[in-house]
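Hi,

Here is the structure I promised to pass on. Have a look at it first, and my notes on the side chains follow below.

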Amino acid sequence: MRIRIVDAFTDRPFAGNPAGVLLLDDVFPEDDWLQNVAMEVNHAETAFAHRLPEGGEADWALRWFTPVAEVAMCGHATLATAHVLHTTGAHEGPVRFTTRSGVLIATPAEDGSITLDFPTAPLTPAEIPAGVAEALGAEPVAAFDTGPNVGDLLLELANEKAVLGLAPDHKSLGAYSSRGIIATARADDPSRGYDFVSRCFFPNVGIDEDPVTGSAHTALAPHWSARLGRDDLTGLQASRRTGLVRTGLRGERTLLTGRAVTVIDGELHA
């Protein structure tokens with residue numbers, strides 16, 4: 001079976017967020033096998049997809065696993081899967097994935113980028129939890145619940161410097177949401193090519209810091225569009241690998257645009 005490692009939300013290798021991608025010949029195998037493969041790949045997510053019969057609401061079925069758990073939504077591994085489908089000729093044009101988060105569409109552009117059509121996260125203002133500032137290493141100015149699909153607590157910080165300087169207690173952060181924490185702030189200098197900055201910490205699914213998180217941007221897009229007064233923005237996820245995500249708020253849907261690069265193409269023997 002072919003297995004690929006794809007760097008998503010970047011146009012160069014060894015940046016963005018790596019994802020494993022396996023295109024299956026038939027229906028999904030047992031969950032234990034899927035989880036073991038994801039554990040072996042040991043990236044933030046491994047995506048498994050198989051083709052569906054023609055004439056339905058979707059073209060491919062898609063699931064995502066971290067090294068320790070299946071997740072309800074993953075943007076970068078969806079982008080990586082669409083990249084593999086298009087670059088190998090397995091699918092042409094927009095591809096519809098059926099997932100735990102409904103039908104998600106990935107549309108390629110002539111410039112090589114891919115746009116994902118995801119549900120917008122329903123943001124709900126929340127109290128800043130006691131102790132979260134100590135666990136995060138900075139004092140939030142606002143907190144929001146991001147709903148069941150994303151499952152994070154979004155924390156706005158005072159400025160970009162505060163986000164870049166975070167050195168959190170990852171174990172302690174797990175107490176504040178089902179998946180983890182999105183820390184974000186307005187860009188200090190938008191002329192650098194991004195409007196807001198973020199970092200994402202997901203200890204509850206085995207990821208201390210995620211390099212670039214598409215699903216988090218379904219919450220970041222409405223948050224910053226409301227504050228900045230524009231529907232189309234660019235976010236920098238300031239992990240060590242870094243990555244850019246272009247967001248387009250379209251009401252109940254959010255468009256996430258980025259590029260991807262295949263870094264490894266090999267065989268799985270297990």
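Before the rest, some ground rules. This is a predicted model, in which local features need pLDDT of at least 70 and side-chain atom pairs count only at pLDDT 80 or more, while totals for chains, interfaces and linings use all residues. Residues are numbered from 1 along each chain as its sequence is written, and side-chain values use heavy atoms, with hydrogens and water left out.

Now the charges. I counted a salt bridge wherever a side-chain nitrogen of Lys or Arg is within 4 Å of a carboxyl oxygen of Asp or Glu, and that gives 15 salt bridges. One of them joins R63 to E70, with 2.9 Å between the closest N and O atoms. Through shared partners, D31, R63, E70 and R100 end up in one network of salt bridges. R63 itself has 16% relative accessibility, so R63 counts as buried. R63 also lies over the face of F28, at 5.2 Å from the ring centre; for this, NZ of Lys or CZ of Arg has to be within 6 Å of the ring centre and within 35 degrees of the ring normal.

Another salt bridge pairs R2 with D265, the closest N and O atoms being 2.7 Å apart. The two are 263 residues apart, R2 in strand β1 (residues 2-8) and D265 in strand β18 (residues 260-267). (Strands are DSSP runs of E with at least two residues, helices runs of H or I with at least four, numbered from the N terminus.) R2 is partly exposed at 44%, and D265 is partly exposed at 41%.

On to the rings. Phe, Tyr and Trp rings (the six-membered one for Trp) pair if their centres lie within 6.5 Å; planes under 30 degrees apart are stacked, over 60 edge-to-face and the rest tilted. The whole structure has three aromatic pairs. F196 and W224 are stacked, at 6.2 Å centre to centre and 10° between the planes. F196 is in strand β13 (residues 196-202) and W224 in helix α6 (residues 217-228), and both are buried. Elsewhere, W33, F48 and F65 form one aromatic cluster.

Cheers

Technical notes:
Buried < 20%, exposed > 50% of the residue type's maximum accessible area, 1.4 Å probe, protein only.
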